[in-house]
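Hello,

Please find the structure below. My notes on what was found in it come after.

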Amino acid sequence: MKKRYELIVVGGGFAGVSAAISAARNGVDVLLIERYNCLGGAAANALVMPFMEYWTKLPETGERKYLCGNLFLEIVRAHQEICATKGREHEFDEEIMKLVLNRIALKNGVKLLFNTTVFESNVVEGNIVSIKALGKSQVIELFADYYIDATGDAELSMLSGCPYTIGREKDNLCQPMTLCFRLSGVDMEKFRINRNKINSLYTEFQKKGLIKNPRENVLIFSNFNDGVLHFNSTRIVKHNPTDPFAVTDAEIEAREQVFELYQFLKKNIEGFEHARVLSTALQIGIRESRKIEGEYTLTEEDLKSLARFDDAVATANYDIDIHSPSGSGTSHYYFGDGQWYEIPYRCLLPKNMDNLLVAGRCISSTHEAQASYRIMPFCAELGQAAGMAVAVAKKNKTNMRDVDIAQLQKLLRSEGFSI
Ligand SMILES: Cc1cc2nc3c(=O)[nH]c(=O)nc-3n(C[C@H](O)[C@H](O)[C@H](O)COP(=O)(O)OP(=O)(O)OC[C@H]3O[C@@H](n4cnc5c(N)ncnc54)[C@H](O)[C@@H]3O)c2cc1C
């Protein structure tokens, strides 16, 4: 089977779906390919929630200024409308989110291909000519003028021979992987009363060797469903998230950690006596893996100096949130009210490629810089910018290197970007 499109986006997370919608809305014929059966990426597959903050408070007026672009806000509003959660900007129900993303993508003419994994890229002189994907045991060859890699793991870039880095510079260790899970049947009133006891007891158990999970505390979020708690609290360190054997070991170890935490809470904390493991995510969550080597590498210094770039296409301000890649501890560097940094177009542009852009958590940056812009709202923003860049390239009949940046920025500003 062979098919042709103007743009192929690989990966249906917030970066990929935003890229596809943004390009389609601006007149590009787009195919979006996703390995699983739905859109949402880590939110759907790894049960990641909630949205971390995507705005800043302006010190002069106290006003909230969004830093994510209008498309992400449109997605949030469409979800709020169905769930009647107006004003609750962090929370979402991933089942409703999957529906919302399908609807917005289809309404804008995006073609979807689910349950299909891209495994090969045919590159000639810096241009991807076609890619091969496996769906229902069939190899499909797909052709396009432009491609966007929104796989989180920079899979299309890797398959195309682009250079990339993994993890932090000194030892290539990545942020930990986490298998998120949910407990049902929790007595919420008793949980609220006893919540403060959990971490001190957890530390005591850790010291006695009764808890093997290296994470320093138990990270719990409330959930849409009554009596259900969400745990982002397993921690697998020193496993390479791009090695399938290491990821298998990580999944096995994380499942033991889920059981360990479940038993710890059930046996020791009032309110959890009748708790059950409701669900674990379809796959372990990967915070960091490959990052492409692009025409510019965003650094921690850029973030801390609130860098501005002539070719800026995105803004972000989430804290530099590094879960220890080697054991216990999480470090933070917070931005103040009214502070944000910019991300240049060159971070989305892999070295040596003419018709490929990268969006989402795998753009070109250091380990430290990635720890900040990696949250879902900013991945969506990067995707929206990438999709718009393809629309500009198509209109002007250029490759992705020669995109008219001034024209792109003007369009992004009209979409609520603060560049
Ligand atoms: C445990 C954990 C907790 C987090 N907590 C938060 C949080 O609370 N709030 C927040 O905002 N962010 C959080 N994040 C960060 C955030 O979830 C991710 O950084 C973000 O979702 C990345 O978006 P993305 O679109 O770049 O990639 P992803 O969401 O990973 O999407 C990539 C998609 O590409 C698909 N894909 C990959 N390879 C292929 C292929 N070869 N062929 C076809 N499809 C492919 C995948 O199936 C996936 O759907 C967390 C991350 C983790 C792991």
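**Notes on the model**

Ser200 lies in helix H6, which covers residues 188–207; helices (H or I, at least four residues) and strands (E, at least two) are DSSP runs, numbered from the N terminus. Ser200 is exposed, because 10 other C-beta atoms lie within 10 Å. Here a residue is buried if 20 or more other C-beta atoms lie within 10 Å of its own, exposed if 12 or fewer, and partly exposed in between, with C-beta atoms placed from the backbone. Val277 is 77 residues from Ser200 along the chain, and 23 Å separate their C-alpha atoms.

Before going on, note that this is a predicted model: local features need pLDDT of at least 70, side-chain atom pairs count only at pLDDT 80 or more, and totals for chains, interfaces and linings use all residues. Residues are numbered from 1 along each chain as its sequence is written.

The whole chain

The protein chain contains 11 helices and 21 strands. Its radius of gyration (taken over C-alpha atoms) is 21 Å, close to the 22 Å of the globule rule (2.2 Å times the number of residues to the power 0.38) for 419 residues, so the chain is as compact as a globular protein of that length. The C-alpha trace spans about 65 × 55 × 45 Å along its principal axes. Of the 419 residues, 47% count as buried.

The two domains

An automatic or database domain assignment gives domain 1 (2–170 + 288–414) and domain 2 (177–286). Their centres, taken over C-alpha atoms, are 29 Å apart. In domain 1, 21 residues are in contact with 17 residues of domain 2; contact means that the C-beta atoms of two residues, placed from the backbone, lie within 7 Å.

Four strands form an open sheet in the order E12-E13-E11-E14, with antiparallel pairing; two strands pair if DSSP finds at least two bridges between them. Which strands stand at the edges? They are E12 (220–222) and E14 (276–280), each with a single partner strand, so one side of each has no neighbour in the sheet. Strand E11 (residues 181–184) and strand E13 (residues 229–231) run antiparallel and are joined by three bridges. Within E13, His230 stands opposite Arg182. Helix H7 (residues 244–268) packs on the sheet and touches E11, E13 and E14. The direction of H7 makes about 150° with that of E14; axes are lines fitted to C-alpha atoms, for helices over the stretch in contact, and angles run from 0 to 180 degrees between N-to-C directions.

Regards
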